[in-house]
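Here is a briefing on the structure shown below. It goes topic by topic, from local features to whole chains.

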Amino acid sequence: DTAVSQTPKYLVTQMGNDKSIKCEQNLGHDTMYWYKQDSKKFLKIMFSYNNKELIINETVPNRFSPKSPDKAHLNLHINSLELGDSAVYFCASSQGYSGKGNEQFFGPGTRLTVL
Amino acid sequence: GEDVEQSLFLSVREGDSSVINCTYTDSSSTYLYWYKQEPGAGLQLLTYIFSNMDMKQDQRLTVLLNKKDKHLSLRIADTQTGDSAIYFCAESTGGSYIPTFGRGTSLIVHP
């Protein structure tokens with residue numbers, strides 16, 4: 001059973017296009033996240049949703065719009081893709097504060113390549 | 001400077017011990033974590049330590065925390081080729097406990 005799943009795993013597209021990445025978690029967690037990992041492996045949080053409500057929105061271009069139809073899903077839509085958007089995007093979820101702090105459960109990642 | 005810093009690469013021989021170091025800046029860090037990322041996969045929590053602890057041992061893994069120097073280390077005993085991965089240090093504070101990640105240390109284990 002996959003805990004956090006993302007589709008697609010690979011996404012290759014042209015500059016200027018609009019694309020979406022989907023994420024689902026079956027852990028019953030209340031909080032979901034999107035992270036961006038660049039080519040140097042730097043991992044930066046983009047958004048965090050708690051019970052379908054946006055709680056963190058880091059400095060991300062407004063071309064990126066997250067949508068959470070229910071607490072098990074957090075999708076990421078990107079408009080007008082740019083070369084600099086090429087990265088691996090990770091979805092994650094957590095149950096918030098617990099005995100392990102805020103353990104993040106990561107999906108396998110979506111490698112986005114913008115040509 | 002960055003909030004969480006780690007060296008980028010570490011190369012060790014199979015069977016030796018590996019020590020991956022991390023420094024952080026936030027003195028109010030409550031939890032400190034080590035995550036492992038294998039090629040083509042997401043990060044997975046390896047171990048964590050609460051800020052009122054100095055050491056935590058879990059099988060081949062030993063985490064040492066020097067809160068005064070804001071220094072965290074991960075020691076892997078008897079390193080195996082399967083331990084080759086990127087290891088991320090992370091810390092969290094505050095009500096949300098959203099972790100801040102370092103840039104990751106690539107551990108290369110050679111025969």
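**A cis proline and the ground rules**

A:Pro8 lies in the loop between β1 (4-7) and β2 (10-13) of chain A. A cis peptide bond joins A:Thr7 to A:Pro8, with omega at about -5 degrees. Strands (E, at least two residues) and helices (H or I, at least four) are DSSP runs, numbered from the N terminus.

This is a predicted model, in which local features need pLDDT of at least 70, side-chain atom pairs count only at pLDDT 80 or more, and totals for chains, interfaces and linings use all residues. Residues are numbered from 1 along each chain as its sequence is written, chains are lettered from A and ligands numbered from 1 in the order in which they are written, and side-chain values use heavy atoms, leaving out hydrogens and water.

**Chain A overall**

- Chain A has eleven strands and zero helices.
- Its radius of gyration is 14 Å, close to the 13 Å that the globule rule gives for 115 residues, so chain A is as compact as a globular protein of that length.
- That radius is taken over C-alpha atoms, and the globule rule is 2.2 Å times the number of residues to the power 0.38.
- The C-alpha trace of chain A spans about 45 × 25 × 25 Å along its principal axes.
- Of the 115 residues in chain A, 45% are buried. Buried means under 20% relative accessible area, exposed over 50%, and partly exposed in between (1.4 Å probe, protein chains only).
- Take the contacts in chain A between residues at least 6 apart in sequence: 54% of them join residues at least 24 apart. A contact means heavy atoms within 4.5 Å.
- The accessible surface of chain A is about 5,700 Å², and carbon and sulfur atoms hold 49% of it. Areas come from the Shrake-Rupley method with a 1.4 Å probe; for residues, only the protein chains shown count as cover.
- Chain A carries 13 positive and 11 negative side chains, with the centres of the two sets 5 Å apart. Lys and Arg count as positive, Asp and Glu as negative; His and the chain ends are not counted. Each charge is placed at NZ of Lys, CZ of Arg, CG of Asp or CD of Glu.

**Strand β4 of chain A and its partners**

- Strand β4 (residues 31-37) of chain A has six of its seven residues buried, so it is largely enclosed by the rest of the structure.
- β4(A) runs antiparallel to strand β5 (residues 43-50) of chain A, and seven bridges join them. Two strands pair if DSSP finds at least two bridges between them.
- A:Met32 has A:Tyr49 in β5(A) as its bridge partner.
- Five residues separate the strands in the hairpin of β4(A) and β5(A), where A:Lys41 takes a positive phi near 75 degrees.
- β4(A) also pairs with strand β9 (residues 87-94) of chain A, in the antiparallel sense and over seven bridges.
- In β9(A), A:Cys91 stands opposite A:Trp34.

**Chain B overall**

- Chain B has eleven strands and zero helices.
- The radius of gyration of chain B is 13 Å, close to the 13 Å from the globule rule for 111 residues, so chain B is as compact as a globular protein of that length.
- Its C-alpha trace spans about 45 × 30 × 25 Å along the principal axes.
- Buried residues make up 46% of the 111 residues of chain B.
- The accessible surface of chain B is about 5,300 Å², with 48% belonging to carbon and sulfur atoms.
- Chain B has 9 positive and 13 negative charges, and their mean positions are 3 Å apart.

**Selected residues of chain B**

- B:His110 sits in strand β11 (residues 105-110) of chain B. B:His110 is partly exposed, at 29% relative accessible area.
- Leaving out residues up to four places away in sequence, B:His110 touches B:Ser11, B:Val12, B:Arg13 and B:Glu14.
- B:Asp58 belongs to strand β6 (residues 55-58) of chain B. B:Asp58 is partly exposed, at 34% relative accessible area.
- B:Gln59 lies in the loop between β6 and β7 (61-66) of chain B. B:Gln59 is exposed, at 75% relative accessible area.
- B:Gln59 is not a glycine, yet has a positive phi of about 55 degrees. Most residues other than glycine have a negative phi, and most peptide bonds are trans.
- B:Lys70 lies in the loop between β7 and β8 (71-76) of chain B. B:Lys70 is not a glycine either, and has a positive phi of about 50 degrees.
- B:Lys70 counts as partly exposed, at 22% relative accessibility.
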